[in-house]
Amino acid sequence: MTPLIIIGIYLVILLALGVSSNRLFKGTSLDYLLASHSIGPFLLLMSLFGTTMTSFSLVGSTGESYADGIGVYGLMASSSALLHPLCFFIIGLKVWKLGRDHGYTTQIEFFKDRLESRRVGWVLFPVLVGIVIPYVLIGILGAGITINAVSRGVFPDAFSESSGGIPIWLGSLVICGVVLAYVFAGGMRGTAWANAFQTTLFMALGVITFFVLVKGIGGKAGFFESLQAASQAVDPDKLSREHMPHRLYFAFLLVPFSIGMFPHIFQHWLTARDANAFKLPIVVHPLFVMIVWAPCVLIGTWASAKSVGIPENLPSAAILGFLVKHHSGEVLSGLLTAGILAAIMSSLDSQFLCLGTMFTRDVLGRRDSGSSESDDRRTVLLARGFVVFIVALCYVLALLAGQAKGVSVFNLGIWCFSGFSALFPLIAAALYWRGLTKAGAYASILTTAVFWVYLLSDADWGNDQHYSFLGQHQIVSLVVASTIVLVGVSLVTRRPSDETLTKFFPKT
Amino acid sequence: MSDGSWQNGCDMNRVPWLILLLLVAVHHDFWFWNDASLIGGWVPVGLAWHVALSIVAAGFWLLVVRTAWPVKEGAPLAKAASSSPPADATTGPKDEGSSK
């Protein structure tokens, strides 16, 4: 029961943060959706990092390392340490500048202007939402699974069907409710504050988890002896990349580029107070990635040793929760679970707010410019309404997705990243290539959407974890196809007007 | 505030990008691929390489923001071309979350 009480206290603190941030709310849609462009370097760092790290980074990385060993770090973490800051630098900074100059709040508003196409949202909106939804579901399901794992046996009579633990549907519901509450109350400012708190918490507790689990898994009196015992008990093939194909490793270099087209990251970029606010995230992000991923990958790799005693049928997403429960005291178990939930929630909040923003701005076409105060208040009301709708919809979809057997958190995440990586050439071309045309952009978006759905269905909706198309990982196939179509169609179709090109490529 | 104008691409000198290419190349460390040895008896050598690469990445990006920052300091914001002017552009937003 103690872990649940600690988790409860943590959730109450989050709610209090949401309410506190609401006191600074200016009542305008710009303030609700972009915190009035007031986010400084520290909050931007924590928001971007917290949003990037989700259950995929903690629960997924541990589970995947349990299966594949230490190669997972190079596959996902060090590549992100190198290339996420590149995206902040070449995409984020420029997007921020254009957003400030021209008043953009969403990606679609930017593309409408850049492509001289009022209808590009009709194509891009469903594609963005369709690909981001699996990412949201990962978080909701991950939260439910984590709470279930830590509470097993606490309620043997009430929840006998879920091994005496809080059922996944209930855990997910509570988490969705708390995130909804502080996003609803505080908007982007509440999200940024909550992200800073959550990111600090999950990083600190992640380090503590590592130290505790070293002793638990290694089983020796001394810390260093336990480290050695834990590593030396592992099968050597998990300590190398003997079974990891070089081609797969190379293909995964494309994964970090997905961040360039995440709509919720786009929205965070626009909240920056000034260009200098980007410097801290660009420099510190690689270190934060290392602090979170290295312990998780080591723990997952250690867990693969037979002596650790992971049950054979335990889902990969439940491995971290299992280890925490079996190798730490009740208080620490509660704190560590709160840390895992913090990582999950710090992504969910931005995703919910962003989807609500897109519905308000891109579907309903609400704008803040030239509108009356009452009209702007109505926009805030609509945004809040859409956030509620999105949370409810995602929760129901998560419950349905939870029925599916065999789909790993890691695999579902990779499918999502693959789709966004395939859209990266679009944002890169929009910012750096004068030759990008409306037709080229439409063709690239549609190619990505159709091809992504086709490949996903061909991979048994994510169940085939070793899927390849023409011998290539799906991310390579998708990026190559979208790029060829984008360039090819743009070369033979009409460019935007000189006025638009001058606007986006000013001569300085 | 430094929300200034974007400099020409030529201002971003090529050296950082060559270093980035080198870092991406050494990310594919085929020389440690099948090596399961443990440094200090507990850190797999392949993991140690990539952790070191993450630290080097932070140093590299520090170099980039110091030497190739593409936004001019102190230049004014461009005049809004769309119908939606940047809010708070005249009064300036309040600072939040500054680490300075």
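A: A residue counts as buried if 20 or more other C-beta atoms lie within 10 Å of its own, exposed if 12 or fewer, and partly exposed in between, with C-beta atoms placed from the backbone. This is a predicted model, in which local features need pLDDT of at least 70, side-chain atom pairs count only at pLDDT 80 or more, and totals for chains, interfaces and linings use all residues. Residues are numbered from 1 along each chain as its sequence is written, while chains are lettered from A and ligands numbered from 1 in the order in which they are written.

Q: Is Ser47(A) buried or exposed, and why?

A: Ser47(A) is buried because 32 other C-beta atoms lie within 10 Å. Its place is in helix α3 of chain A, residues 41-52; helices (H or I, at least four residues) and strands (E, at least two) are DSSP runs, numbered from the N terminus.

Q: Which residues does Ser47(A) touch, leaving aside those up to four places away in sequence?

A: Contact means that two C-beta atoms, placed from the backbone, lie within 7 Å. On that basis Ser47(A) touches Ile39(A), Ala192(A), Asn195(A) and His268(A).

Q: What is the phi of Glu116(A), and where does this residue lie?

A: Phi of Glu116(A) is near 55°, a positive value in a residue other than glycine. Glu116(A) sits in the loop between α6 (107-115) and α7 (120-151) of chain A, and is partly exposed, with 15 other C-beta atoms within 10 Å.

Q: What is the phi of Leu470(A)?

A: For Leu470(A), also not a glycine, phi is positive, near 50°. Leu470(A) belongs to the loop between α18 (438-458) and α19 (474-491) of chain A. Leu470(A) is exposed, since 7 other C-beta atoms lie within 10 Å.
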